[in-house]
Amino acid sequence: MEKIIGVIDEPAQGGGNDYLDIGIHSKSLIEFIQETKTPITVGIQGEWGSGKTSLLNSIHHAFAEQPTFKQIWINSWEYSLLSTPEEALLKIVNRIIDQLLESDTNKKYKQKITASAKRIFKGALRIGAQVALGDEAAQVTGELMESGNHSISELRKNLEGLVVEIAKQPTNIEKIIIYVDDLDRIEPKNAVAILELMKNIFNVHNCVFILAIDFQVVVKGLEHKFG
């Protein structure tokens, strides 16, 4: 009989064997998400390979069969591949918006949200074009917030209306859970820029953000920004 050796680093799938002993943590977080007021952000912190994605998978699996919870999964590292930091930010925001619009059978917010998002995206691309590739993503995000403040406020207002509209529909969605994974695989300053942009746009009632990140990555990103 062949002896199988080696260790793989693939995350555990939700609903499978709990080899990492994360059951107690996922159970607590599931209950918290069900009961918590919104908007709120939950940070799952740990070093690379410590089981953050496995924990996300466990939570995602628990809500998969509950129609009152809509789930959106963002792999931030994949969106950053072959992209400037500015483009990665916009792709992530656009993905979340698209997923929310899919749940709006009325579609009355689609034009409003698309128009206000387009203004923000144009501003970001204009600012991004003024800097070197990969340069100061956090600074670019800050400039975007300042130059597009009105548009961002408008977009957030329209998103709030969309979430309320989704809750009124026959699906009766109570909460929207947005998972953001693999932030710690991105350059620290870019990871902080993504967090900053999402915080400003998606601070919306009924939304729960679950972020998987190494705390030291955040520290490095903040050091880069503030010195």
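This is a predicted model: local features need pLDDT of at least 70, side-chain atom pairs count only at pLDDT 80 or more; totals for chains, interfaces and linings use all residues.

I started with W73, which comes out partly exposed at a relative accessible area of 27%.

Next I looked up the ring pairs and got two aromatic pairs. F63 and F69 make a tilted one, with 4.6 Å centre to centre and 40° between the planes. I checked burial for both: F63 is buried at 0% relative accessibility, and F69 is buried too, with a relative accessible area of 9%.

W73 and Y179 form the other kind of arrangement, a stacked pair at 5.3 Å centre to centre with 25° between the planes. I placed W73 in strand 2 (residues 69–75) and Y179 in strand 3 (residues 175–181), so this pair ties together parts 106 residues apart in sequence. Y179 counts as buried, with 0% relative accessibility.

I also looked for a charge over a ring. The charged end of R185 sits over the ring of W77, 3.6 Å from the ring centre.

Then I went to D214, found in the loop between strand 4 (207–213) and helix 9 (215–226). What is the nearest side chain of opposite charge to D214? That's K52, 6.2 Å away; D214 is buried yet has no salt bridge, since the cut-off for one is 4 Å.

Leaving out residues up to four places away in sequence, I listed the contacts of D214 as G46, E47, W48, K52 and D184.

Methods: Residues are numbered from 1 along each chain as its sequence is written. Side-chain values use heavy atoms; hydrogens and water are left out. Rings of Phe, Tyr and Trp (its six-membered ring) pair if their centres lie within 6.5 Å; planes under 30 degrees apart count as stacked, over 60 as edge-to-face and the rest as tilted. Buried means under 20% relative accessible area, exposed over 50%, partly exposed in between (1.4 Å probe, protein chains only). Helices (H or I, at least four residues) and strands (E, at least two) are DSSP runs, numbered from the N terminus. A charge sits over a ring if NZ of Lys or CZ of Arg is within 6 Å of the ring centre and within 35 degrees of the ring normal. Lys and Arg count as positive and Asp and Glu as negative; His and the chain ends are not counted. Contact means heavy atoms within 4.5 Å.
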